[in-house]
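Q: Could you walk me through the packing in this one? I have the sequence and the structure open beside me.

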Amino acid sequence: MLSWVSDTLGHHIGDELLVQISDRMMQVLRAEDTLVRQGGDEFFVVLPDTDENGVAQKMVEAIAQKVEVEHYDLFITPSIGIVTYPQDGNDAYALLKNADAAMYQAKHDGRNNYGFFTPQMQAHASRLMQIENALRQAVEHNEMALHYQPQHDAKTGKIIGVEALLRWNHPQMGAISPMEFIPVAEQSGQIIALGEWILQTALQQHHAWLSQGLEPFVIAVNLSAVQLRQADLPEQIFKALEESGVAPEYLEIELTETVTMSNPESAIKTFEQLTQEGIKIAIDDFGTGYSSLNYLKRFHATKLKIDQSFVRDITIDSEDLAIVEAIISLAKSLNLKTIAEGVETPEQPALLKARDCNELQGYYFSRPFDHEAMTAYLKRHANGFDSDNVNH
């Protein structure tokens with residue numbers, strides 16, 4: 001919240017917000033209590049001999065009240081993690097680590113909330129620490145790899161794009177899901193270096209494919225919220241394109257709807273710089289977040305990706321079909337293309353094509369492949385697909 005306020009409304013607004021929130025917390029605390037700001041919008045509170053439940057509830061209520069800064073009305077949603085000494089740790093490091101785990105669980109449970117550390121969180125925290133430490137050498141040890149999933153034109157069947165997807169196979173932990181390690185990479189800041197590696201690797205592979213004489217297509221690369229907040233992100237992307245020899249019009253940047261709305265004004269500036277150079281912007285998981293239509297038209301996006309949760313049952317669920325039709329209609333009115341992800345059955349492509357969805361992606365055509373298998377797929381399906389040559 002603090003980064004959004006500072007980036008959108010100005011750092012002086014963010015600073016004043018911190019001052020007012022700190023004052024409210026101090027009013028809840030006693031003279032013998034200690035309040036420390038760790039950095040950003042995180043605080044530590046030490047409460048000797050007191051009822052943690054009562055203090056935490058009062059603090060949530062105090063912070064959640066409207067904050068008036070200049071002519072802005074701001075609302076904060078605090079998340080509080082609670083530990084007790086010595087049950088949850090016998091030194092400062094253990095206590096802070098476990099409090100952090102409890103805080104993130106409170107965030108996950110809906111914010112404006114507080115929660116106590118539990119032994120289950122300890123196991124989870126240990127797993128996250130193991131992943132965080134292993135991540136630091138994963139690229140260097142050649143544990144990371146990109147897999148690729150093709151995207152087909154709904155009408156012609158031709159391959160018009162390939163999405164790069166990160167995979168991690170650790171020698172001891174085995175295959176680790178991106179759903180597990182990407183949040184760790186974001187929280188630890190390692191997503192910056194990892195994101196650069198993904199972009200460079202995907203563009204180099206794309207250049208290799210085109211050098212083999214394959215017909216040009218788009219390579220889609222996902223970015224995280226942490227990367228989007230980097231002021232020099234456009235320069236990083238332009239440099240990677242130049243080094244790889246790939247033309248900007250063959251790169252598509254994918255960001256989820258939630259990520260773009262986390263700091264829309266910053267996203268607009270970044271997207272404008274990218275699209276001016278010919279780079280495409282796709283809003284992923286569309287329909288699962290809370291996009292403002294006012295922002296959507298200013299994002300300079302070129303494509304909306306219809307989330308697979310809506311595509312899965314479109315042949316049997318009239319409400320899902322209605323949502324898909326509405327997204328396609330919205331996209332057409334804004335001159336955007338649509339791509340449906342999660343296409344898995346023979347009936348879905350025909351239905352989506354009849355509704356004027358532009359592009360299709362999913363297991364009906366192909367699972368994500370490593371670069372060697374993807375090369376073979378691209379050559380095999382250079383002329384498109386039909387019901388007899390689709391990979392299942």
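**Cores and helix packing**

A: Leaving aside residues up to four places away in sequence, Leu 352 touches Val 311, Ile 314, Val 324, Ala 340, Val 343, Cys 357 and Leu 360. Please keep in mind that this is a predicted model.

Q: And which residues of the largest nonpolar core touch the most other members?

A: That core has 76 residues, and those touching the most other members are Trp 168, Trp 209, Ile 219, Ile 237, Leu 251, Ile 253 and Leu 352. Helix H7, which spans residues 191-211, gives the most to this core, contributing 7 residues.

Q: How far is Ala 208 from Phe 75?

A: Their C-alpha atoms are separated by 50 Å, and the two residues are 133 residues apart along the chain.

Q: Switching to helix pairs, at what angle do H5 and H6 cross?

A: The axes of helix H5 (residues 119-135) and helix H6 (residues 178-188) cross at roughly 75° and come within 10 Å. The two helices are therefore roughly perpendicular to each other, because angles of 65 to 115 degrees are counted that way.

Q: Which residues make that contact?

A: On the H5 side they are Arg 127, Leu 128, Ile 131, Glu 132 and Leu 135, and H6 supplies Glu 180, Phe 181, Val 184, Ala 185 and Ser 188. By type, the residues of this contact between H5 and H6 divide into 6 nonpolar, 1 polar and 3 charged.

Q: What about H9 and H11, how do they pack?

A: Helix H9 (residues 233-244) packs against helix H11 (residues 264-276) at an angle of about 25°, with the axes 9 Å apart. That angle makes H9 roughly parallel to H11, and H9 passes H11 in a right-handed crossing.

Q: And which residues meet there?

A: Leu 233, Pro 234, Glu 235, Ile 237 and Phe 238 in H9 meet Thr 270, Gln 273 and Leu 274 in H11. The residues of the contact of H9 with H11 comprise 5 nonpolar, 2 polar and 1 charged.

Terms used: Residues are numbered from 1 along each chain as its sequence is written. This is a predicted model: local features need pLDDT of at least 70, side-chain atom pairs count only at pLDDT 80 or more; totals for chains, interfaces and linings use all residues. Side-chain values use heavy atoms; hydrogens and water are left out. Axes are lines fitted to C-alpha atoms, for helices over the stretch in contact, and angles run from 0 to 180 degrees between N-to-C directions. Helices (H or I, at least four residues) and strands (E, at least two) are DSSP runs, numbered from the N terminus. Angles under 35 degrees count as roughly parallel, over 145 as roughly antiparallel, 65 to 115 as roughly perpendicular and the rest as oblique. Contact means heavy atoms within 4.5 Å. Ala, Val, Leu, Ile, Met, Phe, Trp, Tyr, Cys and Pro count as nonpolar, Asp, Glu, Lys and Arg as charged, and the others, Gly among them, as polar. A crossing is left-handed if the near helix is turned anticlockwise from the far one by less than a right angle, and right-handed if clockwise. A nonpolar core is a set of buried Ala, Val, Leu, Ile, Met, Phe, Trp, Tyr and Cys residues joined through side-chain atoms within 4.5 Å. Buried means under 20% relative accessible area, exposed over 50%, partly exposed in between (1.4 Å probe, protein chains only).
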